[in-house]
Structure formats: structure tokens, C-alpha cells
Amino acid sequence: MSAMTGTAAPVLEARGVSVHFGGIKALQGVDVAVAPGAITGLVGPNGAGKTTLFGVLSGLLRPTAGTVRLKDHDVTTASAQTRARKGLARTFQQPELFLGLTVREHLTLAYRSTHHRSRLWTDAFTAGGLRRPDTDETARVDFLLDVLFLGGVADQPVGSLPLGTSRLVEVGRALATSPAALLLDEPLAGLDSYEVDKLAAALRRAVAEEGTGMLLVEHDVSMVLSVCRRIYVLDFGVLLAEGTPQQIRDDPKVRVAYLGDEVIAEEKS
Ligand SMILES: Nc1ncnc2c1ncn2[C@@H]1O[C@H](COP(=O)(O)OP(=O)(O)OP(=O)(O)O)[C@@H](O)[C@H]1O
Ligand SMILES: [Mg+2]
């Protein structure tokens, strides 16, 4: 896959999605499209519906109305596992890693989970470590280690790594399966500014190199403005705005509803 232009067909799309929890309209007729080879942002104040939309896209939540498309498939009623097999990956807010395994071992296992499914669990739990990697595996894992700035810690156990580096491992694990689309649930939560910059740079490199379409659900608005090609702003379950970072910065509705001080602070800096 190669990096594509903004006009390429979306890899993941929500069309007219509504979710009602009893009387609460968490989402109403929301349209979101995730382009390949770019990072798309989803922001909004507390209770706007971000986590609900994430659930609908990933397959944890069935919408009351509307459809979800993954590449050429209508996956509205497909399980999370089926979506994963068709090319949808996600990361978790708390990285779920095996603390004793090294960074390289995590990426190798993730790669094997799609390429040699049956060997995964024997590999993971055989005393004496993993089966020796083959050439394709080694090339793929080395490539991802390089893209994500993980080369220097490849042979360290993940239990010894700071949170920002663990997030990179989590992203690497998701990318090892070569997904068409990757959903990231607040990947910046808890990171310091150095780690935020590094993760942002790694994500940019990853989408450019891999052609993956990423959707970033995030509270850190300034980072979203700096890293995303297109941004969707949710407010009270409806799309308040969508557009380029510049259009979002300039949108008076967005300023009033949500961004206000943060955007102005960023423009001054
Ligand atoms: N399982 C549920 N049952 C009932 N109401 C829910 C449920 N999940 C979410 N809601 C409601 O739906 C609305 C959207 O919530 P959601 O968690 O999607 O917002 P959010 O944008 O992720 O907010 P935050 O920034 O606080 O994480 C809120 O009013 C919330 O209270
Ligand atoms: Mg949420």
C-alpha cells in the first residue's frame, strides 16, 4: 500500500449513525469517513459521543440507525472479531502487554497472529521462548521497529518501558497485522510533552509508510490540530463541524462550543 491523496475512497465510514440509550440520544445521524494514508481526528467535549462512536465503529455497539462500512464491506452487524479479520485494528487506553516479553517479541507475536494463526499460542507459552523468526517476519518487525522509533529498545522487556514507549509498542502491535484502518482511543492520555511529540511523529510516519487510515479519538486538541489531515467535532451527539485543521481553527461554532482557549493559546505559541 502507498500513501494516498485525500480523494481516495475511505477505508472506514459511518453513515447516518444514531445511538439511543433509552431517552438519551448519544449520536444522531453522524457521518464520519476515515481516509487511507492519513490521520483523521475525532474530538468533542465530555459526553459528546466520541466513545459511543468508537464503539459503533469497532463493533462493540450496534447503532440504532445508520451503517458502518469497512473498505467494501457493510459491517454494521459484524462482530469486533469479524471486523478485525477484515482489516480493522484498535488500540486500548491501557496498553495490554505481556510484561516479561520484549518489544520485538510482541511485534513478532502480533505478526504471527495474522500470518500463522495456529502457532501463536504455542509460541507464547512454550518454555524457552519463541520459535525462531523467519526472514519475512524479521523484515516486517525490523521495519515497524524503525518506523516507530523502537529500534533502541527492541530487546527490552516491555515491563521496563515508560508509558509513552508502551503506547508505541501497542501501535506497533496493531500495525503488525497490516490493518486497513486503525482506531486509537486517546493514545496521548498520561503522556508528557516529549512523549506526545514522539508518538505524533511515529503515527505520521506509520500512515505515510503503511497507507493505514487512522482515526484518533482524543482530548488533546492542539495535538489533533497538528497531526490530523481532517477533523470531526462532535457536540451533544451531532457533528458540529468537520474540515481541515485550519477550517476547524477558524470555525466560530467550534470556538464557542469547545476549542476556545486552547486554540487561541496554540496560535500564540
Ligand atoms: N451505556 C450507556 N448507557 C446510557 N447512556 C450512555 C451510555 N454510554 C454513553 N451514554 C451517554 O451518551 C452520551 C455520550 O457519551 P460518550 O461516552 O460517547 O461521550 P464522550 O464524548 O466519549 O465523552 P468523554 O469525553 O467524557 O469520554 C453521554 O450523555 C453519556 O452519558
Ligand atoms: Mg469517552
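Me: Helices (H or I, at least four residues) and strands (E, at least two) are DSSP runs, numbered from the N terminus. With that settled, where is F149 found?

Reply: F149 is in the loop between α5 (135-147) and α6. This is a predicted model, in which local features need pLDDT of at least 70, side-chain atom pairs count only at pLDDT 80 or more, and totals for chains, interfaces and linings use all residues. Residues are numbered from 1 along each chain as its sequence is written, while chains are lettered from A and ligands numbered from 1 in the order in which they are written.

Me: What is the phi of F149?

Reply: F149 has a positive phi of about 60°, although it is not a glycine. It counts as partly exposed because 15 C-beta neighbours lie inside 10 Å. The scale is as follows: buried is 20 or more other C-beta atoms within 10 Å of the residue's own, exposed is 12 or fewer, and partly exposed is in between, with C-beta atoms placed from the backbone.

Me: And K71, where does that sit?

Reply: K71 lies in the loop between β4 (65-70) and β5 (73-74). K71 is not a glycine either, yet its phi is positive, at about 50°. With 17 C-beta neighbours inside 10 Å, K71 counts as partly exposed.

Me: Now the whole chain. How many helices and strands, and what share of residues is buried?

Reply: The protein chain has ten helices and ten strands. Of its 269 residues, 40% count as buried. Two residues are in contact if their C-beta atoms, placed from the backbone, lie within 7 Å. Among contacts with a separation of 6 or more, 68% are between residues 24 or more positions apart.

Me: Which residues surround ligand 1?

Reply: Ligand 1 is surrounded by F21, I24, A26, G44, N46, G47, A48, G49, K50, T51 and T52, where near means a C-beta atom, placed from the backbone, within 6 Å of the molecule. These residues divide into four nonpolar, six polar and one charged. Here Ala, Val, Leu, Ile, Met, Phe, Trp, Tyr, Cys and Pro count as nonpolar, Asp, Glu, Lys and Arg as charged, and the others, Gly among them, as polar.

Me: Which element gives the most to that shell?

Reply: That is α1, with three residues. Both β2 (24-34) and α1 (50-58) supply at least two residues each.

Me: On to helix packing. How do α6 and α7 cross?

Reply: The axes of α6 (residues 163-176) and α7 (residues 193-210) come within 10 Å and cross at roughly 15°. Axes are lines fitted to C-alpha atoms, for helices over the stretch in contact, and angles run from 0 to 180 degrees between N-to-C directions. The contact is made by G164, R167, L168, V171 and L175 of α6 and E195, K198, L199, A202, A206 and E210 of α7. These divide into six nonpolar, one polar and four charged.

Me: What about α3 and α6?

Reply: The axes of α3 (residues 103-115) and α6 come within 7 Å and cross at roughly 25°. Therefore α3 and α6 are roughly parallel to each other.

Me: Is S166 buried or exposed?

Reply: S166, in helix α6, is buried, with 20 other C-beta atoms within 10 Å. Its C-alpha atom is separated by 9.2 Å from that of E96, 70 residues apart along the chain.

How values were computed
Parallel < 35°, antiparallel > 145°, perpendicular 65-115°, else oblique.
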